[in-house]
Amino acid sequence: MGPTPGYHLAGKPQYCSLRLVAFLLIILLFVFFGAGVLSPRMLMLGTRQEGAGEAAGKPISLHVVTLPRMVYPQPKVLTPSRKDVLVLTPWLAPIVWEGTFNIDILNEQFRVQNVTIGLTVFAIKKYMVFLKLFLETAEEHFMVGHKVNYYVFTDRPADVPRVPLRGGRRLLVLEVPGAARWQDVSMRRMEMIGSFCAQRFLREVDFLVCADVDMRFRDHVGVEILSQLFGTLHPGFYGAAREAFTYERRPQSRAHIPRDQGDFYYMGAFFGGSVAEVHRLTTACHQAMMADWANGIEAVWHDESHLNRYLLDHKPTKVLSPEYMWDEQLLGWPAIMKKLRYVAVPKDHQEIRHR
């Protein structure tokens, strides 16, 4: 049977025309996206929601970002930044030590993003005595050159000291009730941070750093610490085997970690991340503590025990070395520590906790 009459004369040209139209459409789409939306010189800068639903009604603007020419030493693939310490976890999260980052590059990256960092601190009862030094040293060393909101949780708002602040930095006092025991203050911190994350922090800042007040900043602590979720190595356990960690070992507790598990022991005095991640962490820890309370058990190191359980299950995206949490009075200054950045203030724990 022969070919259908007219097939070669009418059908083939129509088929070729469709291919040509499709080809032209692909070229047009490539030109549009390649030259406009995907141009390396165009950076979309999203803005935080100022209120529920407000951002959805605002047009998205594109800003041309010109990065300055930067001169810095070339990174060497065959020359590790540190040979004496672990600088990467098995899940590929960086461990931040002096010598592992270039702060000029990082500052420029975060400056372009126009980030605001929140720093939470609890000055409850007699712990108010530490607040002035904490804030003064934070102004000298913490996130210098970036916008910062200090969130001071206290039961004594009238006693919050007046400390001169750099431009773009604010001190906000959040009044909260006191507690009879210091352990209760420590454990309620998770509940309060989680609650304020939902109420305001999500609208006001990009990252949240949660710190203890009875400390001082001694050296640079900047954007090198920022990540979706970070924890800080405990200065007393960074070289220890997991069996020696003071995890909660009782199976009845929600903070329980068996002796054959655990990556690192994290300090409860310095942790953080994006506001959304900190909200998840603090909410989960608070719920676990409430479950323990209902069962008549309190974890051995309170909120710190629950923090360690959470960070075992939800690996941090960055880990801070003990440079970011040190006690020179107890531990001296070993050569491995190139800098001591955030350090304990000498004090009588019993006298402060029970006044």
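**View 1. The largest nonpolar core of this predicted model.** Of the 42 residues in this core, Leu 131, Phe 134, Phe 142, Val 209, Ile 225, Leu 226 and Phe 270 touch the most other members, a nonpolar core being a set of buried Ala, Val, Leu, Ile, Met, Phe, Trp, Tyr and Cys residues joined through side-chain atoms within 4.5 Å. Among the elements that give two or more residues to this core are α2 (103–113), β4 and α3. A second, separate core of 40 residues includes Tyr 151, Phe 153, Cys 197 and Tyr 310. Residues are numbered from 1 along each chain as its sequence is written. Local features need pLDDT of at least 70, side-chain atom pairs count only at pLDDT 80 or more, totals for chains, interfaces and linings use all residues, and side-chain values use heavy atoms, with hydrogens and water left out.

**View 2. Helix α3 and its cover.** The buried residues (under 20% relative accessible area, 1.4 Å probe, protein chains only) of helix α3, residues 131–141, are Leu 131, Phe 134, Leu 135, Thr 137, Ala 138, Glu 139 and His 141. Helices (H or I, at least four residues) and strands (E, at least two) are DSSP runs, numbered from the N terminus. The cover of these buried residues includes β4 (116–123), β5 (147–154) and β12 (342–344), and α3 is followed by Met 143, whose phi is positive, near 50°.

**View 3. Surroundings of Ile 225.** Not counting residues up to four places away in sequence, Ile 225 touches Met 143, Val 209, Phe 230, Phe 270, Lys 318, Leu 320 and Tyr 324, where contact means heavy atoms within 4.5 Å.

Conventions:
Buried means under 20% relative accessible area, exposed over 50%, partly exposed in between (1.4 Å probe, protein chains only).
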